[in-house]
Amino acid sequence: MIEDDDAGEFLPMDVEETRKQVEMSLDYAYQCLKILAPMGIRGVSAWCESCEIEHYYDWDIVIRNLKDNLAGQPASPHEPAVDVDPSDYRTWDYCCGFIDGCSQR
Ligand SMILES: [Zn+2]
């Protein structure tokens, strides 16, 4: 019997797939920085299940975390956000949807 949780980490295909997804996310993050940042959107908001609060990430942190991930380093997703205005942030899904909408024109 193979236990799903443990097996995934050692299958090369899964690693390759994950890497591709991270590279795609990094690509989106750069486009967000170029397109959304000038519109006043500072970064991404995401619900954190372990802290049970919303976390806010500026674009430079999003990009750094994704790069760390590609380099095989653990990301640091629980950095305390200081003096954030939630209205400056959007969900990742919103941002990706916005970028998709822009690139179709
Ligand atoms: Zn957290």
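Reader: Leaving aside its neighbours within four places in sequence, which residues is Val-62 in contact with?

Author: In this predicted model, Val-62 is in contact with Ala-29, Val-44, Tyr-57 and Trp-92, once neighbours within four places in sequence are set aside. The word contact is used because heavy atoms of the two residues lie within 4.5 Å. Val-62 is also one of the residues with the most contacts inside the largest nonpolar core.

Reader: What makes up the largest nonpolar core, and which residues have the most contacts inside it?

Author: The core has 17 residues, and those with the most contacts inside it are Ala-29, Cys-32, Leu-36, Trp-59, Val-62, Leu-66 and Cys-95. Helix H2 (12-35), helix H3 (59-70) and helix H4 (92-103) each supply at least two residues of this core. The chain as a whole has four helices and three strands, in the order α-α-β-β-α-β-α from the N terminus on.

Reader: Why is Leu-36 called buried?

Author: Its relative accessible area is 0%, and the term applies under 20%, so Leu-36 qualifies as buried. Leu-36 is found in the loop between H2 and S1. Apart from neighbours within four places in sequence, Leu-36 is in contact with Gln-31, Ile-41, Trp-59, Cys-95 and Phe-98. Leu-36 and Arg-90 are 54 residues apart in sequence, while their C-alpha atoms are 9.8 Å apart in space.

Reader: Why is Ile-35 called partly exposed?

Author: Ile-35, in helix H2, has a relative accessible area of 25%. Buried requires under 20% and exposed over 50%, so the value falls in between and the residue is partly exposed. Leaving aside neighbours within four places in sequence, Ile-35 is in contact with Phe-98, Ile-99 and Cys-102. Ile-35 and Ile-99 are 64 residues apart in sequence and 7.9 Å apart in space, C-alpha to C-alpha.

Reader: What makes Tyr-56 and Tyr-89 an aromatic pair, and how are the planes arranged?

Author: The chain holds three aromatic pairs. In the pair of Tyr-56 and Tyr-89, the distance is 5.1 Å centre to centre, with 55° between the planes. Ring centres must lie within 6.5 Å, and planes under 30 degrees apart would be stacked, over 60 edge-to-face; the pair is therefore tilted. Tyr-56 lies in strand S2 (residues 53-58) and Tyr-89 in strand S3 (residues 89-91), so the pair ties together parts that are 33 residues apart in sequence. Both tyrosines are buried.

Reader: What makes phi of Glu-52 worth noting, and is the residue buried or exposed?

Author: Phi of Glu-52 is near 55°, a positive value in a residue other than glycine. Most residues other than glycine have a negative phi. Glu-52 is placed in the loop between strand S1 (43-48) and S2. At 59% relative accessibility, Glu-52 counts as exposed, because the limit is over 50%.

Reader: Where is confidence lowest in the chain, and where is it highest?

Author: Confidence is lowest in helix H1 (residues 4-7), at a mean pLDDT of 52, and highest in S3, at 96. The mean for the chain is 85, and 80% of its residues reach 70 or more. Where pLDDT is low, the predicted coordinates should not be read in detail.

Key. Residues numbered from 1 in each chain as written. Predicted model: local features only at pLDDT ≥ 70, side-chain atom pairs only at ≥ 80, totals over all residues. Heavy atoms only, no water. Phe/Tyr/Trp six-rings, centres within 6.5 Å; stacked < 30°, edge-to-face > 60°. Buried < 20%, exposed > 50% of the residue type's maximum accessible area, 1.4 Å probe, protein only. Core = buried A, V, L, I, M, F, W, Y, C linked by side-chain atoms within 4.5 Å. pLDDT = per-residue confidence, 0-100.
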